[in-house]
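Subject: Structure for you to look at, with notes

Dear colleague,

I am passing on the structure that we talked about, and my notes on it follow below. Please open it alongside this email, as the notes go from one region to the next.

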Amino acid sequence: YNEPVKVPTDYFFHLGDDNFFATYDEYQKYYEESGRYKENAPRVALLAGNINLQNSNSEHFEALINNLEARGLNVYPINSFGMGRLGMLTAVKPDVIINRPHGRLVMGMADAGTSILKQIGAPILAPVTVSELYEKWLPDAQGMAGGGIATMSVVMPELDGAIAPYAIAAQFDRGGLRIFDEIPVHTDKFCSLVENFTQLRRKQNKDK
């Protein structure tokens, strides 16, 4: 048997079971050596939410990361739910932040979260993961159940300035097993939106 691997509480990660890193410098070194990093390309910080690689399958994350990187963007996935994520965001200096939300950016310390976001000055987008089968969700006129789910996924993130609560992933039946996976057209449209925001971020106001 292999020795157990200690996973940090707060860490950067990438595709693959063993690619997690406690510090920004460790992740940046890995990213550059992997050949996926693009010099001077826009940076996207991707905050994992309550449906992440630790409690679900990886297909939906892989699709999002691969799509963004195929557009020439550098992606910095972050797993953290406390104050640690604020320091990690500051280290990345992102052009755009993607938050897979479940409540406020920092629960219980809302002012700290919004203060850091103001300093970074990057737009924060909060796409939604549908926690039911896609074929049942698609014809449902309501779209998302009210109460706690809508509050945690849409309303509370908006208090941090988050926009674009666009459904990009849902559950799919794969041989009798429910897994989370991308909604292909939605994921592509959302990643196009992210790319456009990074271009606006780097243009002079007179050129926008």
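Lys208 touches Leu200 and Lys203, when residues up to four places away in sequence are not counted, a contact being heavy atoms within 4.5 Å. Lys208 lies in the segment after helix α7, where helices (H or I, at least four residues) and strands (E, at least two) are DSSP runs numbered from the N terminus. Lys208 counts as exposed because its relative accessibility is 54%; buried means under 20% relative accessible area, exposed over 50%, and partly exposed in between, with a 1.4 Å probe and protein chains only. Between the C-alpha atoms of Lys208 and Pro101, which are 107 residues apart along the chain, the separation is 29 Å.

Before the rest, a word on the basis of these notes. This is a predicted model, in which local features need a pLDDT of at least 70 and side-chain atom pairs count only at pLDDT 80 or more, while totals for chains, interfaces and linings use all residues. Residues are numbered from 1 along each chain as its sequence is written, and side-chain values use heavy atoms, with hydrogens and water left out. The chain averages a pLDDT of 87, and 92% of the residues score at least 70, pLDDT being the predictor's confidence in each residue, from 0 to 100. Confidence in the chain is highest in helix α1 (residues 24-34), at a mean of 96, and lowest in helix α6 (residues 148-159), at 78.

Turning to the sheets, six strands make up an open sheet with mixed pairing, in the order β2-β1-β4-β3-β5-β6, where two strands pair if DSSP finds at least two bridges between them. Its edge strands, each pairing on one side only, are β2 (20-21) and β6 (124-125). Within this sheet, β3 (residues 43-47) and β5 (residues 96-99) pair in the parallel sense over four bridges, and Leu46 stands opposite Ile98 in β5. Helix α7 (residues 184-201) packs on the sheet and touches β3, β5 and β6, its direction making about 150° with that of β5; axes are lines fitted to C-alpha atoms, for helices over the stretch in contact, and angles run from 0 to 180 degrees between N-to-C directions.

Phe13 is found in strand β1 (residues 11-13), and it counts as buried because its relative accessibility is 5%. Phe13 and Gly161 are 148 residues apart in sequence, and their C-alpha atoms are 25 Å apart in space.

A further open sheet, also of mixed pairing, has three strands in the order β7-β8-β9. Here β7 (128-133) and β9 (177-182) are the edge strands, each pairing on one side only, and the twist averages 25° from one strand to the next. Strand β8 (residues 167-174) runs parallel to β7, joined by three bridges, and antiparallel to β9, joined by six. The bridge partner of Thr129 is Ala169 in β8, whereas that of Ala170 is Asp181 in β9. In the hairpin of β8 and β9, which has two residues between the strands, Gly175 takes a positive phi near 65°.

The twelve residues of α2 (residues 59-70) should span 16 Å at 1.5 Å a residue, and the end C-alpha atoms are 16 Å apart, which agrees; the expected span is 1.5 Å times one less than the number of residues. Among the buried residues of α2 are Phe61, Leu64, Ile65 and Leu68, and just after the helix Gly72 takes a positive phi of about 85°.

Lastly, the cores. In the largest nonpolar core, of 45 residues, Leu68, Ile97 and Val194 touch the most other members, a nonpolar core being a set of buried Ala, Val, Leu, Ile, Met, Phe, Trp, Tyr and Cys residues joined through side-chain atoms within 4.5 Å. A second, separate core of six residues includes Val130, Trp137, Ala167 and Phe172. In soluble globular proteins, nonpolar side chains tend to be buried together.

With best wishes
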